Amino acid sequence: MRYTFGPVNSRRFGISLGIDLSPDTKSCNFDCVYCELKGSKPISFIPNPPKVEDIISQVKEALKKFEDIDVITITSNGEPTLYDKLDSLVDELNKIKKDKKLLILSNGSTICDQKIQNTLAKIDIVKLSLDCVTQKCFKKIDRALKGIEIEKLYNCMIDFSKNFSHQLVIEILLVKGINDNIDEIKKINEILQFIKPDRVDIGTIDRPPAYKVQPVNEEKINELAKYFSNLPISVIYKNKPSKKEDFNKDEMIQLLSHRPQSQFDIENFFSNSSKKILKELLETRSVIKKDIAGVSFYIKA
Ligand code: SF4
């Protein structure tokens, strides 16, 4: 089908049926150095946009065929909020989604537009990107259309999050030598304290990028992740770290009170004995498990 793809098992959001709003060509107002699509000049619209009714009929067909879908993901070969009929599409998807969640993967560039904010308010999970908060870094990494300024965008994200009642996920993609420095990370953390997202996903390049840039290694990602405070951080691991940690009860409580651990942290870092202790703490309700936009977090009660 032309406008739907999958389902794919996305570790971040569960089993996802994708909707591609720009199947023919990349249509994005960013030209990120790490983009897995080919580099291209940023544009502010989707050429030849699909009709809402055509998308809906394909989604209905896919939902009949694939029953165990967790999320219907609005995405595109580019930025999905550039789709001019996004609001009607969201209304129609909400009518047919039943128990599935609606998710949008946006680069956050249109968040200052009140109409876009109104549309996003009707979506169960909104993922916005925030790779940098200084204009110099933003220009280097996201290479946005002229006139887009990161300070305006993060202020609009703060406003949006105040009234948004569903789940907000912020994604930070780390690129070696651009945004992997402690100064930028500390500044991003300061802004995130105002946005107060439900979850922060931190990852790095794991597919061939549009430009000559390099990923950040696991060790560095984990070191930088420590600079985020009071937020459920989900580190997206490309390769599983080989060393597993043995925590006793006190150490685990200490760890979880500093930083909730995601299901990926448990999978990748916890030894079998640590997992056993975690299970005991769950049974005694010293630790609780919470689902945040499709990822389980373990939090000190
Ligand atoms: S926002 Fe997404 S699609 Fe657009 S250039 Fe960046 S990575 Fe590629």
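Trainee: What should I know before starting?

Mentor: Residues are numbered from 1 along each chain as its sequence is written. The model is predicted, and local features need pLDDT of at least 70, side-chain atom pairs count only at pLDDT 80 or more, while totals for chains, interfaces and linings use all residues.

Trainee: Which residues of helix α5 are buried?

Mentor: An α-helix has 3.6 residues a turn, so residues three or four places apart point the same way. Helices are DSSP runs of H or I with at least four residues, and strands are runs of E with at least two, numbered from the N terminus. A residue is buried if 20 or more other C-beta atoms, placed from the backbone, lie within 10 Å of its own, and exposed if 12 or fewer do. In α5, the buried residues are Ile150, Leu153, Tyr154, Cys156, Met157 and Phe160. They cover an arc of only 160 degrees around the axis (taken from the directions from the axis to the C-beta atoms), which puts them on the same side of α5.

Trainee: Which exposed residues does the face turned away carry?

Mentor: That face of α5 has Glu151, Lys152, Lys162 and Asn163.

Trainee: Which domains does the assignment give?

Mentor: Domain bounds come from an automatic or database domain assignment. Here it gives domain 1 (4-239) and domain 2 (240-301). Their centres, taken over C-alpha atoms, are separated by 27 Å.
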